[in-house]
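Please read the points with the structure open.

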Amino acid sequence: MGTIAENLQAVHERIARAAAAAGRSANDIELVAVSKTLPAASVEAAYRCGQRHFGENQAQEGVEKVTALAALPGLTWHFIGPIQGNKTRAVAEHFHWVHGLDRERIATRLAAARPAALAPLQVCIQVNVSGEASKSGVAPGGELALAETIARLPRLALRGLMAIPAPHAGEAAQRRQFALLRRLKEALNVRGHALDTLSMGMSADLEAAVAEGATMVRVGTAIFGARRR
Ligand SMILES: *Cc1c(COP(=O)(O)O)cnc(C)c1O
């Protein structure tokens, strides 16, 4: 592994190559640097390289980093983990985006807890595109009912769909799962939900995700190195 600066550069090059191969503009793909488990100093190092979007998957750890780095202008914080009911307030008060929304009860609680002084919380519905029993997310098809619930709630802005494909799936299987997420988003668009975001692709599979239309990739290991958890 190189330095954070070198790794960020390499990830931007991967995104650019994958976008070019798909006839897409790399400008349409936002890189979320997944800083879970890492100290605030690592976020600051990436920030100095121009990185502005960061992802966290545990509420307490995330809130500590958001608070510690509050003086850095222009940061956008993404909550990418499963959200427990007792953590909705912390997430609603500190994050800009939530990617793993998969139940009405959590959506309702986030809406109730989102401070009126902040912009609406930007949310993605997680869809379990791999069908693994252990995975979070609504089953494919379940995103419609949840989208309609979210659309009626104040303080939430429904932006897109998010998925994590089965680990170690081959490239063809990854692409099928990402393509399914894209089709589900397009179906919601047809029904009048103005989603513009496909949050898909991580260190190991971002090329497949970009090929299938990802607009946000969530990348940790390829930027910061291997994590202990
Ligand atoms: C940890 C995590 C990532 C980043 O995974 P890497 O393989 O380290 O790039 C992306 N998305 C979610 C939801 C994660 O929990």
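1. The ligand sits in the largest pocket. The model is a predicted one, and every distance and area below is computed from it.

2. Twelve positions make up the surroundings of the ligand: V34, K36, I80, M162, I164, M202, S203, R218, V219, G220, T221 and R227. Sorted by class, this shell holds six nonpolar residues, three polar ones and three charged ones.

3. In the side chain of S203, an N or O atom lies 2.5 Å from a ligand oxygen. The side chain of T221 likewise has an N or O atom 2.5 Å from an oxygen atom of the ligand.

4. How much of the ligand's accessible area does the protein cover? On its own the ligand has 390 Å² of accessible area, and the protein covers 87% of this.

5. Searching the whole structure for disulfides gives zero. As for individual cysteines, C124 is buried, its relative accessible area being 0%. C49, by contrast, is partly exposed, at a relative accessible area of 40%.

Technical notes: Residues numbered from 1 in each chain as written. Predicted model: local features only at pLDDT ≥ 70, side-chain atom pairs only at ≥ 80, totals over all residues. Heavy atoms only, no water. Disulfide = S-S within 2.5 Å. Buried < 20%, exposed > 50% of the residue type's maximum accessible area, 1.4 Å probe, protein only. Near = heavy atom within 4 Å. Polar contact = N/O pair within 3.5 Å; in protein donor to acceptor, adjacent residues only side chain to side chain. Areas by Shrake-Rupley, 256 points an atom, 1.4 Å probe, with all protein chains shown as cover. 1 Å grid on protein atoms, 1.4 Å probe; cavity = no way out; pocket = protein on both sides within 12 Å on 5 of 7 lines; lining within 4 Å. Sits in = over half its atoms within 2 Å of the grid points. Nonpolar A, V, L, I, M, F, W, Y, C, P; charged D, E, K, R; others polar.
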